[in-house]
Amino acid sequence: MALLIGSSITFAADDKQKAAAVTDEDGKYFDADGNPTFKLQDDGTVDWYTFSGYRRYHSDCHVCHGPDGMGSSYAPGLVNSLKTMDYATFLSIVAEGRKNVGGGKESVMPAFGENKNVYCYMDDIYIYLRARAVDGIPRGRPPKKADKPQAAKDQETSCMGS
């Protein structure tokens, strides 16, 4: 069991077995607990949401958290954080932000709850980072992706307002 800093809740570390896709809703995959997850085909094709998460992460998140979620001198590696962070906590931190003070150092994660380029794609970003955290996909741009499902198109139109 791993303990989240600043939390009294413990979570078992995520792994490929827990992250395994057991249901599919129009190209969006979920694990046994109903959390969004990735699907990697034998030929290396990733599901649309993992690919979209890669793109969105590298559009808005990598500036602080480094390429492929590996971290930087400015912000922690999210690949490590996602190993012990549940889905709800991830959503909360991204939407509301977080401030940590310790060891004479202050770190601030800004709130992205009003940034549609992040907020509308939080599941996608979570799915991508989860895939990276459990070594489900390698570093770099996924070489093959599934087509964008209609549900993803509809959600994007609804959230982005266009």
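**Notebook: charges, core and loops**

I began with E25, which I found in strand β3 (residues 23–25); helices (H or I, at least four residues) and strands (E, at least two) are taken here as DSSP runs, numbered from the N terminus. This is a predicted model, in which local features need pLDDT of at least 70 and side-chain atom pairs count only at pLDDT 80 or more, while totals for chains, interfaces and linings use all residues. Residues are numbered from 1 along each chain as its sequence is written, and side-chain values use heavy atoms, with hydrogens and water left out.

**Entry on the acidic patch**

I looked up the accessibility of E25 and noted that E25 counts as exposed because its relative accessibility is 52%. For this term, buried means under 20% relative accessible area, exposed means over 50%, and partly exposed lies in between (1.4 Å probe, protein chains only). The areas come from the Shrake-Rupley method with a 1.4 Å probe, and for residues only the protein chains shown count as cover.

I then noted that E25 belongs to a negative surface patch, formed together with D24, D26 and D154. Patches are made of residues with over 30% relative accessible area and no salt bridge, like charges being joined within 9 Å and nonpolar side chains (Val, Leu, Ile, Met, Phe, Trp, Tyr) within 5 Å. Lys and Arg count as positive and Asp and Glu as negative, while His and the chain ends are not counted; the place of a charge is taken as NZ of Lys, CZ of Arg, CG of Asp or CD of Glu.

**Entry on salt bridges**

Side chains of opposite charge can pair when their charged atoms come close. How many salt bridges does the structure hold? I noted seven salt bridges, each being a side-chain nitrogen of Lys or Arg within 4 Å of a carboxyl oxygen of Asp or Glu.

I looked at D14 and R130, which form a salt bridge whose closest N and O atoms are 2.6 Å apart. D14 lies in the loop between β2 (10–11) and α1 (16–19) and R130 in helix α6 (residues 122–133), so this pair ties together parts that are 116 residues apart in sequence. I recorded both D14 and R130 as buried, and I also noted that D14, D31 and R130 are linked in a network of salt bridges.

I went on to D43 and K144, where the closest N and O atoms of the salt bridge are 4.0 Å apart. This pair links distant parts of the chain, with D43 in the loop between β5 (36–37) and β6 (45–46) and K144 in strand β9 (residues 144–145), 101 residues apart. D43 is partly exposed, because its relative accessible area is 47%, and K144 also counts as partly exposed, at 39% relative accessibility.

I also noted a salt bridge between E156 and K148, with the closest N and O atoms 2.6 Å apart; K148 has a relative accessible area of 24% and is therefore partly exposed.

**Entry on the nonpolar core**

Which residues of the largest nonpolar core touch the most other members? I found that Y57, F90, I125 and L129 do, out of the 29 residues in this core. Helices α2 (48–65), α4 (87–96) and α6 each supply at least two residues of the core, and the largest share, eight residues, comes from α6. A nonpolar core is a set of buried Ala, Val, Leu, Ile, Met, Phe, Trp, Tyr and Cys residues joined through side-chain atoms within 4.5 Å.

**Entry on loop residues**

I checked D68, which lies in the loop between α2 and α3 (78–81) and has a positive phi of about 60° although it is not a glycine. Is D68 buried or exposed? I noted D68 as buried, because its relative accessibility is 7%.

D135, in the loop between α6 and β9, likewise is not a glycine and has a positive phi of about 60°, but D135 counts as exposed at 56% relative accessibility. G140 lies in the loop between α6 and β9 and counts as partly exposed, at 24% relative accessibility. I noted that the C-alpha atoms of G140 and A152, twelve residues apart along the chain, are separated by 23 Å.

Lastly I looked up G113, in the loop between β8 (105–109) and α5 (116–119), and found G113 partly exposed with a relative accessible area of 28%. G113 and S92 are 21 residues apart in sequence, and their C-alpha atoms are 8.9 Å apart in space.
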